Amino acid sequence: MRNRPIPGSSGHVRAMTLLGDPVLHTPCEPVSDFGPSLARLVEDLFATMYAAQGVGLAANQIGVGSRVFVYDCPDDDDERHLGHIVNPRLVEADGVTVRGPEGCLSLPGVEAGTERFDRAVVEGVDLLGAPVRVEGTGFFARCLQHECDHLDGTVYTDRLTGWRRARALRAARRAPWARDA
């Protein structure tokens, strides 16, 4: 089953949570209420992701500590993957490890070579609680791993070491959005 954003949705663009906010380093809580507020959250996630020109967005990136993320992301064959996952779990991450450029809407303008597996499988549920299983390769696998990390309280810079980490964090400290905070 391929899940999609709610047809005719009118989500609201929310403020992006930026690096340094504790919500980004706090594991998110599982969703237990599958009512209208969850549907509004998913709509808002899509609206905010599209406004920021991203390919994925986790709930804590808009300050909500719930285990939900949305995506509209191509894979390496340029096939579009579009949907949402509630209470996602990364159940498989394997294949070759690829170091590729990775950025984050919570660190605008900062990018670093980050190692990720070339294949990922995430399981969870949709807005109604029906099971969802999403498998991705290439860039889409990177997106799935990145968003699951967010919900576990990990930002991609936490995966960096040495000069890559130092350079990315220095760029974040010097970014206009960090100086304005």
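Mentor: Bear in mind that this is a predicted model. S4 and S5 pair in the antiparallel sense, and seven bridges connect them.

Trainee: Which residue stands opposite Pro131 in S5?

Mentor: That is Val125, which faces Pro131 across the pairing. The hairpin that S4 and S5 form has five residues between the strands, and there Gly129 takes a positive phi near 90°.

Trainee: And how many bridges join S3 to S4?

Mentor: S3 and S4 are joined by 13 bridges and run antiparallel. Within that part, Asp94 stands opposite Arg119 in S4.

Trainee: Changing topic to charges, how many salt bridges does a search of the whole structure find?

Mentor: The search finds 15 salt bridges. One of them is between Arg89 and Glu123, whose closest N and O atoms are 3.1 Å apart. Because Arg89 lies in strand S3 and Glu123 in strand S4, this pair ties together parts that are 34 residues apart in sequence.

Trainee: What does Glu92 do, then?

Mentor: The side chain of Glu92 meets that of Arg119 in a salt bridge, at 2.8 Å from N to O. This links distant parts of the chain, with Glu92 in strand S3 and Arg119 in strand S4, 27 residues apart. Glu92 also forms a salt bridge with Arg133, where the closest N and O atoms are 3.4 Å apart. As for accessibility, Glu92 is partly exposed at 28%, and Arg133 is partly exposed with a relative accessible area of 46%.

Trainee: Which residues are linked in that network of salt bridges?

Mentor: The network links Arg89, Glu92, Asp94, Arg119, Glu123, Arg133 and Glu135.

Trainee: New topic: where does UniProt place the "binding site" feature?

Mentor: The unreviewed UniProt entry places that feature at Cys104, His146 and His150. These residues span 47 residues in sequence, yet no two of their C-alpha atoms are more than 10.1 Å apart, so they gather at one spot. Of these residues, Cys104 and His146 are included in the lining of the largest pocket.

Trainee: Where does Cys104 sit, and what is it in contact with?

Mentor: Cys104 is in the loop between strand S3 (80-103) and strand S4 (111-125). Leaving aside neighbours within four places in sequence, Cys104 is in contact with Gln61, Val110, His146, His150 and Tyr156, so two of the partners, His146 and His150, also belong to the annotated set.

Trainee: Why does Cys104 count as buried?

Mentor: Cys104 counts as buried because its relative accessible area is 9%, and the cut-off for buried is under 20%.

Trainee: And what about His146, where is that one?

Mentor: His146 is in helix H2 (residues 138-151), and at 7% relative accessibility it counts as buried. Not counting residues up to four places away in sequence, His146 touches Glu102, Gly103, Cys104, Arg116 and Tyr156.

Notes. Residues are numbered from 1 along each chain as its sequence is written. This is a predicted model: local features need pLDDT of at least 70, side-chain atom pairs count only at pLDDT 80 or more; totals for chains, interfaces and linings use all residues. Side-chain values use heavy atoms; hydrogens and water are left out. UniProt positions are given in the numbering used here, feature names are shortened, and annotations may be inferred rather than shown by experiment. On a 1 Å grid over the protein atoms alone, a cavity is a set of points where a 1.4 Å probe fits but cannot get out, and a pocket is an open set with protein on both sides within 12 Å along at least five of seven lines; lining residues have an atom within 4 Å of a point. Helices (H or I, at least four residues) and strands (E, at least two) are DSSP runs, numbered from the N terminus. Buried means under 20% relative accessible area, exposed over 50%, partly exposed in between (1.4 Å probe, protein chains only). Contact means heavy atoms within 4.5 Å. A salt bridge is a side-chain nitrogen of Lys or Arg within 4 Å of a carboxyl oxygen of Asp or Glu. Two strands pair if DSSP finds at least two bridges between them.
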